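Colleague: I have this one open now. Can you walk me through a few spots?

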Amino acid sequence: MNNSDNDRSFVALLDYLKRSQGFDFSGYKRSSLQRRVQKQMNVRGIATLEDYTTYLETHPDEFASLLSTILINVTGFFRDAAAWSYLQEQVLPSLLALKSADTPIRVWSAGCASGEEAYTLVMLLTEILGASAFRQRVKIYATDVDEAALHQARHASYSLQALQAVSLELRNRYFEPIGDRFTFRADLRRVVIFGRHNLVQDAPISRLDLLVCRNTLMYFNAEMQARILSRLHFALSNTGILFLGKAEMLLTHTALFTPINRSHRLFAKVPKVHVRDRLNQNQLAESRAPDSHSAVNHL
Ligand SMILES: C[S@@+](CC[C@H](N)C(=O)[O-])C[C@H]1O[C@@H](n2cnc3c(N)ncnc32)[C@H](O)[C@@H]1O
C-alpha cells in the first residue's frame, strides 16, 4: 500500500470513529495518532487499517482499549515539582490577594487523567488557605475525556509508588492509609468536581482564577491548539492564570497571554479589551519583519 492509500485508509478510520463513537480525532497530531493506532493493531495482530476498522465494528469493547492506547494518561502528584513550588510561592499569594476573603476561588484542571493533578491543587490551596476556608471558598473542576481515568480519579486511591513525590508531612496530612493503598481525605476530596469534558468539542468552564492544562495541548496540531487556547482564554477571569506543561509551547507570540514565568509555563490572561491593542502592535511589528508565521502566533 502506498502512502496516499494509507492516508486515505487512516482518514476513513477517523471518520468511522467520529460516526460510531462521536469522537473527533481530526485535530490530534497525525503522526503520533498513527503510531498509537499501529501499536494497538500490533497488539491485536492486525496488519491493515481496513481490517482494524472491521475489528472495531465487530468488537464493541475495542474502542475503549484503543482510546486508552491513544490517550496515555501518564501523570503524577507535583509533576515538575519546581513549577508547582513557583505557583505556590510566587503566583497564588498575589492571585489570592486580589480577591476579598469570602469570594469563591474557581480552578479547572483540564486533562486531569487519574486525578493526581487535581489533588495536588487541593494540597497546595489548603496549605495556603487552611482547610476550612478551602472547603468554603474553593471549587476545583477536574475534567478529562477518558472515563476510565476519571473513574480512578474519583476513587482517589493511590499506591505508595504513586505517592513518591508527596512529602511524608503532606502524605500524613492528606492521605488515609487503607490496606497497602492511600486514599485522599474525603472532606477535601468533595471540593473536586470530576466530569467528562472534551477540550475539542465541549464548551469551556468559565470565570476561572486558575486554569491548569498540563501535558494535554501537546496531543493536538497547531491549529487545534490555537482553537483550544482561545477557549481557555475565554474560560479565565481577567485576572486569571494559565498553567501549562513543561513540554508545551512558550506562547511567546500570542496576544492572549503574557508570561509570568516562561520556563514554568505560567501565563496571565490578557483581558480581551487589550488583546486588540496587542494584535495591532504585532501586525505593525510583522509589517517590518514579515517572515514569522504559525497558527499559534496569531491568536
Ligand atoms: C499526559 S495526560 C496529562 C495529565 C496531567 N494533566 C499531567 O500533566 O500530569 C493527558 C490527558 O489529556 C487527556 N486528553 C486527551 N485528549 C483530550 C481531549 N480532547 N479533551 C480532554 N482531555 C483530553 C488524556 O485523556 C490524558 O488523561
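Modeller: Start with H5 and H6, which are oblique to each other. This is a predicted model, by the way.

Colleague: What angle do H5 and H6 pack at, and how far apart are their axes?

Modeller: The angle is about 55°, and the axes are 11 Å apart. H5 covers residues 81-97 and H6 covers residues 116-129.

Colleague: Left-handed or right-handed crossing?

Modeller: H5 and H6 cross in a right-handed way.

Colleague: Which residues meet there, from H5 and from H6?

Modeller: H5 brings Trp84, Leu87, Gln88, Leu92 and Leu96. On the H6 side they meet Glu117, Thr120, Leu121, Leu124, Leu125, Glu127, Ile128 and Leu129. By class, that contact has nine nonpolar, two polar and two charged residues.

Colleague: Switching to strands. How do E9 and E10 run, parallel or antiparallel?

Modeller: Antiparallel, with four bridges joining E9 (residues 257-261) to E10 (residues 266-269). Asn261 has Leu266 in E10 as its bridge partner.

Colleague: And what sits between the strands of that hairpin?

Modeller: Four residues lie between E9 and E10, and Arg265 in this hairpin takes a positive phi near 55°.

Colleague: Last thing, confidence. What is the average pLDDT of the chain?

Modeller: The average is 92, and 93% of the residues score at least 70.

Colleague: Where does pLDDT stay under 50?

Modeller: Over residues 290-299. For that stretch the model has 24 contacts beyond four places in sequence.

Conventions. Residues are numbered from 1 along each chain as its sequence is written. This is a predicted model: local features need pLDDT of at least 70, side-chain atom pairs count only at pLDDT 80 or more; totals for chains, interfaces and linings use all residues. Side-chain values use heavy atoms; hydrogens and water are left out. Axes are lines fitted to C-alpha atoms, for helices over the stretch in contact, and angles run from 0 to 180 degrees between N-to-C directions. Helices (H or I, at least four residues) and strands (E, at least two) are DSSP runs, numbered from the N terminus. Angles under 35 degrees count as roughly parallel, over 145 as roughly antiparallel, 65 to 115 as roughly perpendicular and the rest as oblique. A crossing is left-handed if the near helix is turned anticlockwise from the far one by less than a right angle, and right-handed if clockwise. Contact means heavy atoms within 4.5 Å. Ala, Val, Leu, Ile, Met, Phe, Trp, Tyr, Cys and Pro count as nonpolar, Asp, Glu, Lys and Arg as charged, and the others, Gly among them, as polar. pLDDT is the predictor's confidence in each residue, from 0 to 100. Two strands pair if DSSP finds at least two bridges between them.
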